[in-house]
Amino acid sequence: MKPAAFEYHAAGTIDEALALLAKYGNGAKPLAGGQSLIPAMNFRLATPAVLIDLNSISELAGVASRDGVLQIGGMTRHRALERSAEVARHAPLVTLAMPFIAHAAIRSRGTIGGSLAHADPAAELPAVMLALDARMTLRRQTAARTVAAADFFIGLFATALEPGELLTEIEIPHAPPRSGFAFDEVSRRHGDFALAGAAAHVVLDAQGICTRARVTLLSVADRPVIAAQVAQHLVGGAPTAERIRAAADAAAAHDIDPTSDIHASSGYRRQLAAVLTRRVLERAFQSVVPT
Ligand SMILES: Cc1cc2nc3c(=O)[nH]c(=O)nc-3n(C[C@H](O)[C@H](O)[C@H](O)COP(=O)(O)OP(=O)(O)OC[C@H]3O[C@@H](n4cnc5c(N)ncnc54)[C@H](O)[C@@H]3O)c2cc1C
């Protein structure tokens, strides 16, 4: 199918894009990599009256590191994140998750801002942002605000973004010393959306006691989920194999209530959540470099 008719405007600057969004209001949609929006328009699941193309806005793309924070422009391509030494150094969980996103051709076009704004519950980056306590800068013509990842994803393909707002920047705090990370997922074929996935960020103190144990799960609810049981079981103690297993089992039993669909049953997703949570925790603790 072909998309319904729409007006097209290419913005050259953030200000231009915000002015166009303000002018066209609810009927307008920003166009980033187009890897989700264009298929949705071709199927007429999305019928925006106006597309505002962000692809020529150079100030919206790039990675910088300042004052203990990694700053990523909304139009930064997946491929650029995957290859960024700055990202690998300060937020290695992002680097670990990137190869799980679709295929290289899609990662060459797709952007972090597009992925987060689209908020597919099976997408990797929303869960990674939640695991890393990222913050999103949302700008409109007259104002800007910052929203924590925990408040940004509010439902199925739904975010805190309001009409007229653009996700301009994502901020990720630099990983503290003695951090460990891991990402894993199960999908039917490489590049498919995950049936379930897990991201982990852990921190140990100098004595080997766990001071942070954050696991987020994807594709088990309408949005990424923090496995709260993991921190409850692990923070304050040494991460033994028994504790990790108990934490993973408790997370799968109490932190999620997955639904069944044509891809996987609820029970299978719960089982995957337990296995993946244990796996990412084991790997994350093993990856901590003592200082
Ligand atoms: C075959 C295939 C397989 C895929 N597999 C995966 C996968 O395994 N995992 C995964 O995570 N993704 C997957 N994707 C999606 C891909 O990662 C997309 O790149 C991503 O979801 C959307 O990014 P985009 O830049 O293409 O955004 P677009 O498609 O251009 O936009 C998506 C939505 O976000 C809005 N938007 C875009 N940028 C902004 C912004 N800066 N501010 C506010 N709103 C904005 C748009 O208006 C639109 O509503 C797949 C896509 C395809 C085609």
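Helix α8, which spans residues 124-131, is largely enclosed by the rest of the structure, because eight of its eight residues are buried, where buried means under 20% relative accessible area, exposed over 50% and partly exposed in between, with a 1.4 Å probe and protein chains only. The buried residues of α8 are E124, L125, P126, A127, V128, M129, L130 and A131. Just after α8, D133 takes a positive phi of about 55°. Helices (H or I, at least four residues) and strands (E, at least two) are DSSP runs here, numbered from the N terminus.

The model is a predicted one, in which local features need pLDDT of at least 70 and side-chain atom pairs count only at pLDDT 80 or more, while totals for chains, interfaces and linings use all residues. Residues are numbered from 1 along each chain as its sequence is written, and side-chain values use heavy atoms, with hydrogens and water left out.

E124 leads on to the ligand, since 30 residues surround the ligand and the closest are P30, G34, L37, T111 and E124; a residue counts as near a molecule if one of its heavy atoms lies within 4 Å of it. This shell divides into 15 nonpolar, twelve polar and three charged residues, with Ala, Val, Leu, Ile, Met, Phe, Trp, Tyr, Cys and Pro counted as nonpolar, Asp, Glu, Lys and Arg as charged, and the others, Gly among them, as polar. Strand β2 (28-31), helix α7 (112-118) and strand β10 (166-173) each supply at least two residues of the shell, and its largest share, five residues, comes from α7.

Elsewhere, Q71 has its place in strand β5 (residues 69-73) and is buried, with a relative accessible area of 14%. The side chain of Q71 makes a polar contact with the side chain of R66 at 2.9 Å, a polar contact being a pair of N or O atoms within 3.5 Å, of which, within protein, one must be able to donate a hydrogen and the other to accept it, and residues adjacent in sequence count only if both atoms are side-chain atoms.
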